[in-house]
Structures are given as C-alpha cells and as structure tokens.
Amino acid sequence: MSQSLTYRHLFGPGPSNCYPEAIAALGHPVLGHLDPLFIEILDATCNGLRQVWGTANARTLPLSGTGSAGMEAAFVNMLSPGEVAVVAVNGLFGERMCEVARRTGAEVVRVDHEWGQPIDPQRVAAAHPSPKVMAAVHAETSTGVRSDIAALGQLKGDALLITDAVTSIGGLELRADDWGIDVGYAGTQKCLGVAPGLSPFTISDAAFERRNKNPQSWYLDLGLLGGYVGAASGTARTYHHTAPVAMIASLEAGLGHLLNEGLEAVQARHTAAGVALQNGLQEMGLELFAAEGFRLPSLTTVRVPEGVNSAAVRAYLLEHFSLEIGSGAGKFASSVWRIGMMGPNANPASVILVLGALKEAIA
Ligand code: PLP
C-alpha cells in the first residue's frame with residue numbers, strides 16, 4: 001500500500017501530474033449520474049471542453065474511456081465498410097489510426113512521412129480524389145512533432161477532418177472550428193492536468209449528419225450518446241451507460257483551474273517550459289529529435305547520447321529522483337527519450353529539476 005503512495009514527478013509522455021483541484025475532486029462523495037447536481041457538473045465540463053477545443057459544437061463531451069476510445073469513436077462513427085479514409089502517418093499514433101480505421105472495413109489510404117517530421121498537408125490532400133475522411137495527429141507524442149492542422153483543414157474539400165489532439169489540448173493553440181476540424185478527440189492525462197480515463201470529444205452537426213447511423217460499437221455510438229450529454233445536444237437526457245462521475249467531477253475541477261488561469265496564459269506557460277527545456281538539453285550537448293520549427297513544447301524528444309544506456313538512465317531517475325521520463329516509441333525505443341512538460345508540470349522549476357537530474361544520471 002505504501003508503495004502506491006509514492007509521489008512521482010511525471011515527466012514522461014503522459015500521464016502528467018495533475019492540478020490539485022482535479023485530485024481533490026476525486027475525494028468528493030460520489031453522485032448518481034442523473035442527479036441534478038451531477039448534471040450541473042457535466043454541463044460545466046462540456047462548456048469547459050468547448051473552450052479548450054475552440055469550438056461551439058453542441059456535441060462536445062467527455063467520452064468514457066481514454067484517448068484510444070476517442071480515436072475508436074471517431075472512426076467507427078464516421079466510416080462504413082468500403083468508404084475511403086486518408087490517414088496521415090508520421091508516428092505511432094497515425095499508425096494506430098490506420099489500424100482502427102481498417103477494422104471498420106473502410107479502405108485506408110495511408111500517407112507516410114518520416115518520423116520526426118510534420119505531415120505535408122498538400123500530399124495528404126492529394127492522396128485520393130474523394131475520401132469520406134481525412135485524419136491526422138496534431139501533436140505526435142511518439143516523435144514530439146506538431147503538424148499544421150489548419151492547413152489540412154483548408155485543403156480537405158468535402159472530406160471530414162478527424163484530428164487527434166491528445167497531446168495538444170489545453171497546452172497548445174487549438175481552434176477546432178477555425179481550423180475545419182469536424183471530429184476531434186483528446187485525453188485528460190496530458191496538458192489538461194487530470195488523471196487518465198476520459199476522452200474529450202467534439203463533433204460538428206454537419207459531421208454528425210454524415211455519420212454511420214448503425215456503427216459496429218454500441219458503447220461508442222454517438223447517436224445513442226446524444227441522450228447522455230442531454231440538453232447540450234438538444235435531446236432529452238436519458239440513460240445510456242453509467243457515467244464515470246468521479247472522473248468527470250475531476251475533469252471539471254481541472255478545467256476550472258486551467259480556465260481560471262486563462263487558456264492563453266496556460267499555453268504560454270507550456271511554450272516557455274518546452275523552449276527552456278529544449279535549450280537546456282542542447283546546452284548539455286544533447287541532440288533534439290523532432291524537426292526544428294515543429295517541436296512540441298508539451299513533449300520533447302531527445303536522442304540518447306552514444307554509449308549511454310537509455311533504460312539505465314530512466315531507472316536512475318526513478319530511483320534517485322522519483323522522476324519519470326519516457327523511452328522512445330517504435331524503432332526509436334532505446335535511442336530517444338521523451339520528456340513531457342504538461343499541465344501543472346509546465347513551469348521553470350520543472351525544467352531545472354529535469355535538466356539537473358538528467359545531467360547527474362548521464363554522468
Ligand atoms: N493519440 C496520441 C497522440 C497519444 O499520445 C495517445 C496516448 O499517449 C493516444 C492517442 C492514446 O491515448 P490513451 O493512451 O489515453 O488511450
């Protein structure tokens with residue numbers, strides 16, 4: 001039991017440490033999921049999510065499940081067998097999108113890019129003349145790269161644009177409506193500073209009308225979930241599944257912290273922390289992995305120096321500083337580290353802690 005009470009500095013690719021308000025809310029009494037008090041919390045959560053998504057979409061909700069549930073919901077609701085989805089791939093999560101889309105029976109047109117580089121919106125848009133869906137990851141957590149979703153939104157034509165904002169929401173500029181995002185999903189455990197368990201999800205009315213009306217998944221059927229978000233989507237509030245009330249109360253509290261500080265101020269804090277970390281790593285003589293100009297502030301990728309054992313350094317940090325950083329993803333598992341500066345962790349003290357600890361671990 002005492003093991004589970006150990007405090008960890010979570011500087012990996014997520015989960016991050018949480019805002020105190022989000023943790024405190026987990027200790028509140030559990031409410032019934034149709035209790036008027038809980039409905040107020042749910043409505044406030046949906047409103048807060050609209051702000052961090054940059055959307056007026058009525059159907060903006062905390063989906064029950066992690067970011068991958070959001071990904072699954074996006075594809076399973078938008079695609080029917082035989083329809084075409086163009087998917088931009090520049091890392092692990094773009095690859096996962098392809099697999100999730102494939103399982104719907106859709107024809108997947110995969111547009112590969114070098115890992116560490118952003119997607120090329122022109123190439124993605126030119127990959128097929130009339131896809132039902134185009135999909136891309138805004139912030140590729142596997143490589144630490146930001147892609148230009150607004151540019152893809154301008155080129156999408158009649159396609160519906162699905163965007164993964166798991167590592168950008170709350171920490172990076174994200175303007176779903178202005179950028180032409182039709183369907184978006186995210187996660188709570190990164191820049192929102194809340195524990196994992198929910199997927200902030202948004203879908204425009206136009207995209208909702210063009211959905212698969214009989215998706216293979218009952219649990220993630222957005223048509224049925226409309227009743228669960230209730231008044232926010234213009235339908236009566238009915239039981240669909242038991243909402244994870246404690247997690248939603250925690251998300252509401254975390255969003256409260258974030259919006260109270262101010263969305264732009266929080267984004268600026270993430271940017272400052274990311275830039276300071278990246279400068280500090282380079283001053284230590286380390287080489288950054290992601291292409292310059294497209295580096296995420298929330299997630300920095302750095303090459304493991306020649307002759308250094310990646311796993312041994314991570315184990316040292318955990319043992320001596322109770323500090324977690326991430327290994328690389330895919331074929332870069334042992335040659336890249338991933339360092340998150342997310343949520344409450346995006347601050348100057350974190351930067352000094354990580355740089356100092358890493359210097360000692362490498363020495
Ligand atoms: N997409 C991206 C960009 C991610 O970083 C992650 C998780 O790290 C996911 C999707 C999947 O989210 P989850 O692990 O919460 O299911």
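The legends below walk through several views of a predicted model, from the whole chain to single residues.

Figure 1. Let us start with the overall dimensions. The C-alpha trace spans about 60 × 50 × 35 Å along its principal axes. A compact globule of 363 residues would have a radius of gyration near 21 Å, and the protein chain, at 20 Å, agrees with that. Of the 363 residues, 55% count as buried. If you take the contacts between residues at least 6 apart in sequence, 71% of them join residues at least 24 apart.

Figure 2. An α-helix has 3.6 residues a turn, so residues three or four places apart point the same way.

**Figure 3. A101 in the largest nonpolar core.** This core has 112 residues, of which V87 and A101 touch the most other members. What does A101 touch, once residues up to four places away in sequence are set aside? Its contacts are F75, L79, A85, V87, A106 and V108.

**Figure 4. Strand β8 with β5 and β9.** In β8, 5 of 5 residues are buried. L160, I162 and D164 point one way from the strand, while L161 and T163 point the other way. Strand β5 runs parallel to β8 and is joined to it by 5 bridges, with A135 having I162 as its bridge partner in β8. Strand β9 (residues 183–185) also runs parallel to β8, through 3 bridges, and here D164 stands opposite Y185.

**Figure 5. An open sheet of 3 strands.** The strand order is β11-β14-β13, with antiparallel pairing. β11 (299–303) and β13 (326–327) stand at the edges with a single partner strand each, so one side of each is left without a neighbour in the sheet. Between β11 and β14 (residues 336–340) there are 5 bridges, and V302 has W337 as its bridge partner in β14.

**Figure 6. T143 in the loop between β6 and β7.** Is T143 buried or exposed? It counts as buried because it has 32 C-beta neighbours inside 10 Å, where 20 or more are needed. Leaving aside neighbours within four places in sequence, T143 is in contact with N90, G91, W115, G116, F289, A290 and T301. T143 and A333 are 190 residues apart along the chain, yet their C-alpha atoms are separated by 11 Å.

Methods:
Residues are numbered from 1 along each chain as its sequence is written. This is a predicted model: local features need pLDDT of at least 70, side-chain atom pairs count only at pLDDT 80 or more; totals for chains, interfaces and linings use all residues. The radius of gyration is taken over C-alpha atoms; the globule rule is 2.2 Å times the number of residues to the power 0.38. A residue is buried if 20 or more other C-beta atoms lie within 10 Å of its own, exposed if 12 or fewer, and partly exposed in between; C-beta atoms are placed from the backbone. Two residues are in contact if their C-beta atoms, placed from the backbone, lie within 7 Å. A nonpolar core is a set of buried Ala, Val, Leu, Ile, Met, Phe, Trp, Tyr and Cys residues joined through C-beta atoms within 7 Å. Helices (H or I, at least four residues) and strands (E, at least two) are DSSP runs, numbered from the N terminus. Two strands pair if DSSP finds at least two bridges between them.
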